[in-house]
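The sequence and the structure come first.

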Amino acid sequence: MEEITIAKRAHNPYEGVKNSTLEMWDQLKNTTDAQEVVFDDIPDEALIHQMKIHQEKRLDYQSQSYAVDEVNESIANCNLSPKRNAFLDGNAIEKENAMNNSVPLESKTNSANQTRVRHRPHDVDRKEQGNHWRTLPDIPIFQELSSASVDLPKNDVFGGYNNFEHYLSVHYKLLREDAISPLRESVLRYKKDPTCTSSPSFAVYDHVRIIGQIIATSSVVTKLSFSVRAQKRISWATSRRLISGSIVLLSQDNFEHFRVGTVCARPLSGLRKYPHEVDVFFHDFNLELDSRKEFVMIEATSGYWEAYKHVLSNLQKLSGHRFPMKDYFVSCKQNSEVARYVQHDPLMRINSILGSSQPPIDILEPFPSYDDYLLDKSQLKAYQSMLTQKLAIIQGPPGTGKTFVALKAIQTLLENSNPNVLPILVACQTNHAVDQILLQLLREGAEVVRLGGRTRVPEIQDVSVYEKLKSMRNTFHASYKEIKRKKSRLMKQMLNIMSNFSNEYLKFTYLHSEGIITTAQLQSFIQNSAWVNVVSDSDDSTEEEQIECWLGETKLDLVTPKQTVYDYEEELQIEAEQLEELEQEAKENLTFEDDELRGVFADFRRKYDFFEGVELHKEELKGFLTIENVWDIPEFSRGMVYKHWLQLAYENAESRLRHLHKIYSKLDKERINLSNKRVGALLRNANVVGMTTTGLNKYRNILESIRPKICFIEEAANILEGPIIPAVFPSLEQLILIGDHKQLRPSCSTFALARSPFNLSVSIFERLVENEMVCDMLSIQRRMHPKIRQLVDSVYFGLSDHPIARCRPAIPGMGQLRRFFFTHTNVEDTDGFSSKCNQFEAEMLVQFASYLILHGVNPLQITCLTFYVAQKKEIENLISIHLPDKKENIRVATVDGYQGEENDVILLSLVRNHDQRSVGFLDSSYRVCVALSRARQGLYVFGNAEMVANANPLWWDVINTLTQDEELPGLGDYLPLEPKIENDEVYIYELNDLIELNMKLKNMNAD
């Protein structure tokens, strides 16, 4: 067993780690929770045996060395890529562990199909710290996807980096691994078991054929037909499968070799056919013409390449000499420096935060004591930082108005009309957030432009780059026209080549023109085909009919797969809004018409293949190929001879097409460069440019050309550090990060990378705050009634209530009860995959919602919230059954999908209820904080109070707060209600009691 000695290590790297993988499995083996926490697949006994070996090889702390852990590939894969973020609250990110633990990943498959996970300290002087990573292509390469050998640097979130190159390389390598790991695992899993079907993390497709090429505006795209191996009926409109921007791999030899492609379009009209159809761009520029070839295709459904590729490309291009935030991002220097433009002229008017007009003030000095500020004291302090600090970090707990303050700061900058700092960039994680900010600024009279994305908001659509360019004079018209002319000529050349392959059979005349058959062979075919006319009773048979006759019995029907489906697929479903959000940026440069990719389609579909049942010796085949009279070739071998000729024809044509495709692509890049110059000219005249962080990275070259000075990044604590680094443009003088690191962390595709020592899920916002950078926290919340706010006091020390929050009206039918935890022991269930549900809780939630509606609560005021997708679906189904006329108005959401939103009444289903210690998502302080802080007037929780209290300190604090309330009950195995048909309080213990009460209320309302 290999050992790697680590010198001068002063702590135990396993200190603070609650459980080994084996211990965790032992705790969870009687539940289905193993998938959710760590495992992609539930281990069998052999794998558990391997895990025991793994446990025995743990650190020998006295000798200060790591042992190489050898586990089965399945287990290693599960360790590398579960689909959940690790739980790390403020206490769990221990500085020593994060800075000293070094766990580069290495998975290495040997002949026994084992995977090795090597834990090795990072040596900054090693040769690998060179800049070779800067030359990697913008798609995964064969070695990355097939080797399964990964050596990664640790990422110390406490303290600075060695230098700028070290900083960039760490984040590039970790981010690239996060993008590639799901794909690699898909390849390894398939190679280990070629009969495997789809899972929640990857999908397999059979009978994949190239049925044509689409010559689109920007590139040539391949249309594929395929069948789904899972044999399930797919709801394609809301499926994560094959979304635009996803990477797919095609292979004919169990992925010993494969092609890499990106899904360009997934028109529902094609996906609903059988075989299904999808449009894919292959990065090798090869345009295959042979539709008789059959491939297997796999994709990783847990990652999304489009979200990474532009970031990775930008990181490769950055230079420390042109990175103005290097002192902060790299060295963690205190952020006390004033922005350069403010140093030159600190006088500003601040009328946007006043109820009256006042003269300019020195923004660097304490603010005057005006009586009509629109901001509270903490907001005012944050506002001043936004306007003055070179790097401003603003923490906005729930309901404190962080976006409002940011809007006021932007309005102030616009009010002072300093052209040297315009346009201001505003970036958010989601399109919805960008649109809402731009909408507010637009209504205040700002000149805004929306970059990227396809918005549904009409006002924002009008200020999108696409619409603005329509009314802008095109100074590059002549250049565009010339590029279009050249591309049109190339398109005709490619279509001319492809047209020869559009029929069932490739003509002998074409084979002769290509030098594949001799003149004598062509003449013999023509001269001896006269009898075909007699057989077919035709005076003029076509060459295709003659070829078909020549082939005789050696042609075979191509096998068309039969569609076999047993039930609907649920595990890969996604919200329609989330799917649209993901695909928006990926489809930005393509032209669509009714969801179809617009372009000229060359169809290569075939009906027949050729018999190859008899194995010919090489010399024997060579002899047949030289026979001058093709009718003298033995009939049994004609299919093989013809197929050989076809292969030569394909190779010749594909070689020419590849050359033309490259030129076509190069011309399109010239078109894009011209378009980018037009967009740049447009943006220079704007006051504010808004985009997502994905859009910022995609269009970074354009943005850099307009030399931005100020950039606001909203939701910064919910974005990986990598996508934010390119927002530091060489011209940038001020960066404002706005977020809340106590709520949801950024998500990673690879579970292991989220945790120490890689810490990829630690945002730049959180990292800077943990390194004691100056951070202004907004401290007065306006959302939650004080009774609800008290539940998050242990998360936000010093958070107080605005009078608006204290005046929230009571909930009808609940008296003065604003919060309550209904505790029960009804056992959870699973949806058959990794998600959990609890039928009892779902029923109680829906009946309780019905009770509230019967007391006059508007359904729009109610949100049913849960931590699990399966429970969300269960609640939605029950609402459709019991409240069919209200199903469009009652919002049902997962906690992860509800950050940043709020409602008057939140009904929270915790789901988890079993005799084990694990509580899954409920163990994440970040998720719990989000769940408890969405309600304005009433929060009612359903779950097992004892179980969650013992699992997480935050839940313990919540339960204590509820039980120590001397005025009103906060927890019980009953629901304390005050129905309008009763004079006294009613206690509901059972579901049937609540159903019966609702029936009485309905009857009373009917009367």
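## The salt bridge of R927 and D896

R927 is buried, with a relative accessible area of 8%; buried means under 20% relative accessible area, exposed over 50%, and partly exposed in between (1.4 Å probe, protein chains only). R927 forms a salt bridge with D896, and their closest N and O atoms are 2.8 Å apart. R927 belongs to helix α34 (residues 925–932), whereas D896 sits in the loop between β31 (891–894) and β32 (903–909), so this pair ties together parts that are 31 residues apart in sequence. D896 counts as partly exposed, at 40% relative accessibility. A salt bridge here is a side-chain nitrogen of Lys or Arg within 4 Å of a carboxyl oxygen of Asp or Glu. Helices (H or I, at least four residues) and strands (E, at least two) are DSSP runs, numbered from the N terminus.

The model is predicted: local features need pLDDT of at least 70, side-chain atom pairs count only at pLDDT 80 or more, and totals for chains, interfaces and linings use all residues. Residues are numbered from 1 along each chain as its sequence is written, and side-chain values use heavy atoms, with hydrogens and water left out.

## Salt bridges within helices

Side chains of opposite charge can pair when their charged atoms come close. In helix α24 (residues 635–684), R671 and D668 are three residues apart, which means a separation of about one helical turn. R671 and D668 form a salt bridge with the closest N and O atoms 2.7 Å apart. D668 is buried, its relative accessible area being 4%.

Helix α9 (residues 306–317) holds K309 and E306, also three residues apart and separated by about one helical turn. The salt bridge between K309 and E306 has its closest N and O atoms 3.5 Å apart. K309 is partly exposed at 21% relative accessibility, while E306 is buried at 4% relative accessible area.

## Salt bridges overall

A search of the whole structure gives 45 salt bridges. Elsewhere, a network of salt bridges links R259, D284, E288 and K293.

## Strand β5 and its partners

Strand β5 (residues 202–216) has 14 of its 15 residues buried, so β5 is largely enclosed by the rest of the structure. Two strands pair if DSSP finds at least two bridges between them. With strand β6 (residues 220–228), β5 pairs in the antiparallel sense over eight bridges. A hairpin of three residues joins β5 to β6, and I210 stands opposite L224 in β6.

Strand β10 (residues 295–300) pairs with β5 in the antiparallel sense over five bridges; here F202 stands opposite A300. Strand β19 (residues 599–603) is another antiparallel partner of β5, over five bridges, and G212 stands opposite D603 in β19.

## A patch of negative charge

E978, E982, D984 and E985 gather on the surface in a patch of negative charge. Patches are made of residues with over 30% relative accessible area and no salt bridge, like charges being joined within 9 Å and nonpolar side chains (Val, Leu, Ile, Met, Phe, Trp, Tyr) within 5 Å. Asp and Glu count as negative and Lys and Arg as positive; His and the chain ends are not counted. E985 lies in the loop between β35 (975–977) and β36 (986–988). E985 is partly exposed, with a relative accessible area of 33%.

Key: Areas by Shrake-Rupley, 256 points an atom, 1.4 Å probe, with all protein chains shown as cover. Charge placed at Lys NZ, Arg CZ, Asp CG, Glu CD.
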